[in-house]
Amino acid sequence: MFAEVELPIFLHYDSEHLATRNHIAATERMPIRENTLPPLNVQVARSISPGGCPSAGDVDMASPTSWASLPDRPRTSESRRPSFSASNAPDTIPQSAWRVQPGQYVAFSIDTEAVAAASGHPDGSHEKNAILQFPVGRFIGLVVGSYVQRADDDSKWLEELVVLYVGRTPPTIPGTEVYHMPIAPFHTENDVCRGPPLRTKTLFPWKDRAQWTVFGTRLQIQHLHESKLLFDMDEDEFARCETRMTADFEDVDQKVKTDDLMRDAIHKLRPPPEPLPAVVWRDIRGEHGADPDEFVTQIYALDE
């Protein structure tokens, strides 16, 4: 089913270690499960999103990129080990490495302890204390990509997620308001343009929320708060979401090619190629920010 959908560029990794839910390309010699799917047309999008940089020479080190290279994670694509997705991974990788799967909703926040550790500031310094005390918010998103790679010291698996934001309203950048799908329970059961609301197996705990289809972030899980309560979609419903997501991504990609003013605003909301350190919760109930723009604001504020 999923092989029929050509995934957006932000679900492609880079040319040195590529993985999506149904494709894998790795240079290491490892026992790989049989894969009969055609190779992806790999394109690496140049992003100015927080943490996103093709190389060190492209980075203003006063940007959030300066703390986005996390402990244990190789800092350049040339040295980075292959990254794998759960569906086509070597048998040597335990299934427990993928604790969070695509199609699941999660809550997340920036992990200030990991940011402080990666910042390079000495313990007890004003700068490090300011990071640790920074008031970060909790936000909600849909996992559309899940990847693992081995830490440099081989001590553990590093789990990364691509998450698309959930908001109280559709995106607010002029010209992007259409890039969303309603989530049930929703006050209008049939949106003419966006189709029927997305439904989760367990009733979504928030009413009248919009699933953004092209804007989100990339996270590396530092701490995962487990819960028996899971808010996820069945495969058919998630496939419907993927189809809309792919069409919307292709549409917005055309817009940024012709509108310079829109390009900068859009890039800040698109998932970066490098992950941000995050605390993740399976249970999405409880206090959270309903405006994903606030999450991006917090990322940049942390670097000031």
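Is D208 buried, partly exposed or exposed? Select D208 to begin. This is a predicted model, and the relative accessibility computed for D208 is 25%, so this residue counts as partly exposed. The cut-off for buried is under 20%.

**Stop 1: D208**

Stay on this residue. D208 is in the loop between β6 and β7. Look at the backbone. Phi of D208 is positive, about 60°, although D208 is not a glycine. Most residues other than glycine have a negative phi.

**Stop 2: A184 and P185**

Keep to this loop. P185 is also found between β6 and β7; strand β7 itself covers residues 209–225. Select A184 together with P185 and check the peptide bond that joins them. The bond is cis, with omega of about 5°. Most peptide bonds are trans.

**Stop 3: strand β4**

Now select residues 139–150. This is strand β4, and 11 of its 12 residues are buried.

The pairing of β3 with β4 is antiparallel and has four bridges. To see one of the bridge pairs, pick Y105 and then L142 in β4, its partner.

Pick Q149 and look across to β5: L158 stands opposite.

**Stop 4: the hairpin turn**

Follow the chain from β4 into β5. The two strands form a hairpin, with six residues between them. Select D154, which is in this loop. Its phi is positive, near 60°, and D154 is not a glycine.

**Stop 5: S146**

Go back into β4 and select S146. Relative accessibility is 3% here, so S146 counts as buried. Show the side chain and turn to V100. The S146 side chain reaches the backbone oxygen of V100 at 2.9 Å.

**Stop 6: T176**

Move along to the loop between β5 and β6, where T176 is found. Strand β6 covers residues 180–183. T176 is in a loop, yet its relative accessibility is 0%, so T176 counts as buried. Which residues does T176 contact, leaving aside neighbours within four places in sequence? Select P171, F215 and I266 to show them. Then draw a distance from T176 to F215. The C-alpha atoms are 9.9 Å apart, across a sequence separation of 39 residues.

**Stop 7: A278**

End at residues 276–281, strand β8, and select A278 within it. The relative accessible area of A278 is 0%, which means that A278 is buried. Show its surroundings. Not counting residues up to four places away in sequence, A278 touches S109, D111, L219, Q220, I221, Q222 and H223. Finally, draw a distance from A278 to L224. Their C-alpha atoms are separated by 8.8 Å, and the two residues are 54 apart along the chain.

Definitions and conventions: Residues are numbered from 1 along each chain as its sequence is written. This is a predicted model: local features need pLDDT of at least 70, side-chain atom pairs count only at pLDDT 80 or more; totals for chains, interfaces and linings use all residues. Side-chain values use heavy atoms; hydrogens and water are left out. Buried means under 20% relative accessible area, exposed over 50%, partly exposed in between (1.4 Å probe, protein chains only). Two strands pair if DSSP finds at least two bridges between them. Contact means heavy atoms within 4.5 Å. A polar contact is a pair of N or O atoms within 3.5 Å; within protein, one must be able to donate a hydrogen and the other to accept it, and residues adjacent in sequence count only if both atoms are side-chain atoms.
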